[in-house]
Amino acid sequence: MASNVTGFRWSAGILAIAVVSGCTGSPTEGSEQGTAPKPSFAITIGTSQVGDVPEKDNEVVRAIESYTGTKLDIQWIQNAAYDDKVNIMIASNDMPMLLRVKYIPTAISAMRSGVFWELGPYLNQYKHLSAQDAPFYDNIKVDGKLYGLPIFRDIARGAVIYRTDWLQSLGIKPPTTPEEWYQAFKAIAAGDPDHNGKADTYGIILSNRYNDGSSALTTRLATSFGAPNKWGVHNGKFMPEFMTEPFMDMLKLFRRAYSEKLINPDFAILDESEAEKAYDLGLGGIRIAVAANAKSMQDRLVKLNPSGQYDVMPLTGPAGIRVAGEIGNNGLYVIPKAAVKTEDQLRKVLEFADKLMDEPMSTLQLRGIENKHYVKTQDGKTEMKDFTAFQREVKPYRDSLFNREGYQVAPLKDTPLGEKATRITNDSLSAAVPNPALNLDSAVYTEKGKELETLIMDAQTLYIMGKIDDAGWEAEVQKWRKAGGDEMIRQYEQAYALMNPK
């Protein structure tokens with residue numbers, strides 16, 4: 001609908017939209033002059049709370065309702081209670097029209113049971129939803145079918161953030177091979193790059209979640225070395241990342257670095273927030289994290305180290321840029337049949353989601369209200385005016401509804417480092433390595449996947465700390481296989497064969 005809207009302008013508290021004749025879905029349209037406005041379509045939404053709960057009938061939600069022709073009833077649920085609340089909703093079949101869920105066994109089981117509408121057959125009828133890259137949807141399909149709309153997030157976010165001032169003073173370049181990583185760690189830890197005469201710097205600072213989750217540092221680095229992203233598949237045969245040579249190269253790198261005190265010795269118990277503070281204090285030289293973190297790390301660093309300088313580069317290994325692809329969402333919205341009873345209602349809900357990705361709505365969610373939260377620049381970009389107000393008043397909607405940075409919104413004027421990080425994230429999408437098991441079914445994973453993950457994650461920590469040797473590591477791998485790993489591999493192979501018939 002963006003082509004049907006002219007004269008668009010946000011001002012504080014006012015949404016002025018001139019709607020040309022024939023534009024459908026306007027909350028004020030009528031077939032003849034003087035007819036009553038078309039009633040708004042009521043939509044209920046259940047989502048997790050982001051910051052403080054916005055005030056009811058605030059100017060942001062009013063703008064959304066006016067543009068989309070809806071009346072929204074958003075239930076903000078505290079994160080600590082969210083999973084339990086969603087499980088109760090699903091079990092009782094008492095759900096809102098749009099329910100935010102995670103891609104977890106409980107939701108997947110409900111999808112298979114026919115609790116939610118299958119959306120795949122409708123997607124190509126909505127220009128913005130259908131324009132998004134296929135992996136965003138492929139990553140949340142169940143048995144090849146799409147039951148939800150993702151809350152879009154970047155797929156190839158991982159990058160290398162490093163103290164460029166330190167590396168330059170030490171005469172080394174950003175590392176790309178296991179040996180280069182070791183030499184960089186050694187130079188930073190032993191070379192006194194902060195020139196304070198103390199041995200108080202580390203090549204990298206790990207937290208106790210270094211190997212946990214889809215964005216695990218171990219997966220990101222090992223994938224750049226050539227390992228698969230969590231799981232590899234060749235000729236239909238599956239293998240977990242930790243049974244591959246590039247992953248072991250990564251693990252041996254950290255084992256060697258730990259033994260020589262090149263990384264922080266307390267990594268197994270160090271909270272993630274404390275690890276981040278250590279970088280702010282100038283104790284770490286290299287970090288593997290989301291590319292966009294480079295800007296905020298720089299902002300915090302210079303408060304204590306005015307001459308400190310971070311830079312960012314894509315995760316690059318012996319074969320070039322190679323990034324572990326992530327799921328590409330921060331949850332997904334399902335549409336329960338109990339709440340949306342007819343196909344006509346379903347189409348209206350999908351129309352609402354699609355309209356949110358029109359340029360005016362994308363701008364509202366990602367930038368806020370013009371001259372209040374952001375301003376336009378002469379070079380066609382946007383610049384934040386009151387970021388604090390944006391975080392309080394707009395961020396809950398940005399993080400909870402349908403939008404995608406870089407799509408249907410003018411670029412955000414940023415620092416050179418921030419703009420570089422954005423380019424890296426966008427460019428790395430073509431080099432993203434998918435996880436082939438992401439949406440495959442395994443009863444073993446459903447029943448004891450977390451237990452098996454914990455077993456092998458603990459073994460990685462023991463190996464890095466030198467508490468087990470190569471034989472001990474292999475014994476832990478065999479324990480994983482016997483505890484259900486081999487059966488999980490077999491189930492993934494079966495599911496893969498069904499999804500990819502020869």
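The bend at a residue is the angle between axes fitted to the seven residues ending there and the seven starting there.

First, a word on what you are looking at. This is a predicted model, in which local features need pLDDT of at least 70 and side-chain atom pairs count only at pLDDT 80 or more, while totals for chains, interfaces and linings use all residues. Residues are numbered from 1 along each chain as its sequence is written, and side-chain values use heavy atoms, with hydrogens and water left out. The pLDDT is the predictor's confidence in each residue, from 0 to 100. Its mean over the protein chain is 91, and 93% of the residues reach 70 or more. Residues 1-34, however, have a pLDDT below 50. Where pLDDT is low, the predicted coordinates should not be read in detail.

Now to helix 17, which covers residues 443-464; helices (H or I, at least four residues) and strands (E, at least two) are DSSP runs, numbered from the N terminus. Helix 17 bends by about 70° at Gly-449. Gly-449 is also one of its buried residues, which include Leu-452, Ile-456 and Tyr-463; buried means under 20% relative accessible area, exposed over 50%, and partly exposed in between (1.4 Å probe, protein chains only). The buried residues of helix 17 pack against helix 8 (217-225), helix 9 and helix 18 (470-499). Just after helix 17 comes Gly-466, with a positive phi of about 80°.

A nonpolar core is a set of buried Ala, Val, Leu, Ile, Met, Phe, Trp, Tyr and Cys residues joined through side-chain atoms within 4.5 Å. The largest one has 72 residues, and Ile-204 and Phe-254 are among those that touch the most other members. Helix 9 gives the most to this core, with eight residues. Another core, of 66 residues, lies apart from it and includes Leu-99 and Tyr-333.

Because its relative accessible area is 1%, Ile-263 is buried. Beyond neighbours within four places in sequence, its contacts (heavy atoms within 4.5 Å) include Phe-185, Ile-204 and Phe-254.

Our last stop is Asp-311, in strand 12 (residues 310-314). Asp-311 counts as buried because its relative accessibility is 18%. Its side chain joins that of Lys-420 in a polar contact of 2.9 Å; such a contact is a pair of N or O atoms within 3.5 Å, where, within protein, one must be able to donate a hydrogen and the other to accept it, and residues adjacent in sequence count only if both atoms are side-chain atoms.

Note on methods:
The expected span of a helix is 1.5 Å times one less than its number of residues.
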